[in-house]
Structures are given as structure tokens and as C-alpha cells.
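Please examine the sequence together with the structure shown below. The paragraphs that follow lead through selected parts, one at a time.

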Amino acid sequence: MRVIIESTPEAASRRAAQMVARLVRQKPVCTLGLATGGTPLKLYGELIRMHQEEGLDFSRVTTFNLDEYVGLPPSHEQSYRYFMQKNLFDHINVDVRNTNVPDGRALDFEKYGERYEQLIEDAGGIELQVLGIGTDGHIAFNEPGSSLGSRTRLKTLAPETVRDNARFFGSEKAVPKLAITMGVGTILESRRCLLLAFGENKAEAIAATVEGPVTAQVTASALQLHREVVVVLDEAAASKLARREYYEEVENAHRMLETGKLPWIEEA
Ligand SMILES: N[C@@H]1[C@@H](O)[C@H](O)[C@@H](COP(=O)(O)O)O[C@@H]1O
């Protein structure tokens, strides 16, 4: 796990956008996994800017979103399809037919989950999965207790998540209590994961994810089993990490390798 700590959410989002953009430039036909929530908004804003000002081309990109609330039609302002259209897809040149967000109106969720998994497989798997994290340490809607091998399926939201998301719906009562979500196992199969977290209210979940034991009680901790994960944080979200100095050393080493300057070799 590579942990990158930037001073602000803006700087962290720019860093994350550069990673996404590098992939899209190197591999124009690629599959991105996308997330919703407040966290990736600045990342999407930066990708839109890169498309508009630098010609970043999404025309051959396919996308898969992590999750969707059960019962919300795509036209509902709080549906994740609506969110993606408004905050990214409507502003870049992705072909909307190549964008996939689980359908919250599906009736046979078991079958639908299998179909979503198949679509991901048919697209060649997810190259880079963008992730946020819940205050209870969940990724997508894999709430505490979710199997670390789980696949796309129906999930009941934990009370903490209902409380956190009430801000978007006006009240806790209005928050859908069920969601269809990629599983932890689905997420672990993506080739690379990019986890973003900002703000003090994510600090505990991030410390548990990065430095705690791998446990189904903090589903993001399963990312420790993945071979290529980058965690991009702002100062506040990093504030409860015990090994912060080491992560900074690792980043210095990356910079030295990029510039080809390894002082101990030059001095020898
Ligand atoms: N299903 C989503 C997650 O994918 C997201 O990571 C989380 C955090 O949201 P926010 O970024 O708004 O804090 O919220 C929801 O639970």
C-alpha cells in the first residue's frame, strides 16, 4: 500500500487525477471503476478540466460504478447515476453507452449482480478502481461484516452510513436502506485501486484500513491484500496514522527514483 499525504483535498485530488489521466493517456481503451460521494468530486472536477483544457480523451473509456441505492430511478437527484452524469459524464467525451452504474430498480438482484459481474469481466476487468471510504471503514456499500470475498449483491446500509448520508436526503428517514454494491472480492480483482479520503472524520477509518488488522469489520482493510493500492489523503485524514514519517520517506524515495538522484550512490 502506497500512502500519499497532501496538504489539502485539492492537492490530493490533483494528484489522484494525474494518476487517472496517466492511465487514460497510456491506454486509451481502458476500464475505470468509479465512486460517488463527496470525496471524488474534486477529482472529477480536475478530470473535466483536463478534458476541456488539455484534450484528455475519454472516448474509448468504459466505466463501472461501485454501487447504487435500491429503488432510486436514474432521474432521482440522489441516485448515483444522476450524480455521475452531473459531476462527470455530462462534461467529458465518454460514450454514455460505455458507462455502467448498477440499476437500483432491478427486481432480481441476485441475477442482476451476476450480470454486472459478467459485464465487468466482458470489458476485460477494471484497470483502476477509484474508492472513497465510509466513516465505518466501508468501501462501496460493503458495510462492516461483509464477506471479504463478496461479489456484486444487495446490501443493507449500516446505521452509521444512513446517518452520514442523511445530509444528501434531508433526513435519515428518506435515505434508502438497501443498496446494490460491488463486493469486496469484486473490488480486489481490479488491477489497481486508488483510495481517497479527506477530513478528520475519516482519520480513524483510514488508520484502521492502513495500519489495523485485515478484518471484515473494516472492509477497506481488505485492500492490504491487494498488490497495487495507492491511498491519497489530506493532512486531516492522515492525522491518526502512526507510521506517517515512513510514508513520507517512501514518497521521497519515489521522487529520487523519478529524478534518478540517489544521493548515497552519488556520494559513494
Ligand atoms: N457508497 C458510498 C461510498 O462509495 C463512499 O465512499 C462513502 C463515503 O462518502 P463521502 O465521500 O461522501 O464521505 O459514501 C457511500 O457510502
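Tyr82 has its place in helix 3 (residues 80–87); helices (H or I, at least four residues) and strands (E, at least two) are DSSP runs, numbered from the N terminus. This is a predicted model, in which local features need pLDDT of at least 70 and side-chain atom pairs count only at pLDDT 80 or more, whereas totals for chains, interfaces and linings use all residues. Residues are numbered from 1 along each chain as its sequence is written.

Is Tyr82 buried, exposed or partly exposed? A residue is buried if 20 or more other C-beta atoms lie within 10 Å of its own, exposed if 12 or fewer, and partly exposed in between, with C-beta atoms placed from the backbone. Tyr82 counts as partly exposed because it has 17 C-beta neighbours inside 10 Å. Two residues are in contact if their C-beta atoms, placed from the backbone, lie within 7 Å. Not counting residues up to four places away in sequence, Tyr82 touches Pro74, Ser75, His76 and Glu77.

Gly113, Tyr116 and Ile120 are the buried residues of helix 4. They lie on the same side of helix 4 because they cover an arc of only 60° around the axis, the arc being that of the directions from the helix axis to the C-beta atoms. These buried residues pack against strand 3 (62–65), strand 7 (153–156) and strand 8 (178–181). On the face turned away from the buried side, helix 4 carries the exposed residues Glu110, Lys111, Gln118, Glu121 and Asp122. Gly124, whose phi is positive, near 90°, follows helix 4.

A positive phi, of about 55°, also belongs to Ala140, although Ala140 is not a glycine. Ala140 is found in the loop between strand 6 (128–131) and strand 7. Ala140 counts as buried because it has 31 C-beta neighbours inside 10 Å.

The last topic is the nonpolar core, a set of buried Ala, Val, Leu, Ile, Met, Phe, Trp, Tyr and Cys residues joined through C-beta atoms within 7 Å. The largest such core has 65 residues, and Leu194, Leu195, Leu196, Ile206 and Leu233 have the most contacts inside it. Leaving aside neighbours within four places in sequence, Leu194 is in contact with residues including Ala16, Met19, Leu128 and Val232.
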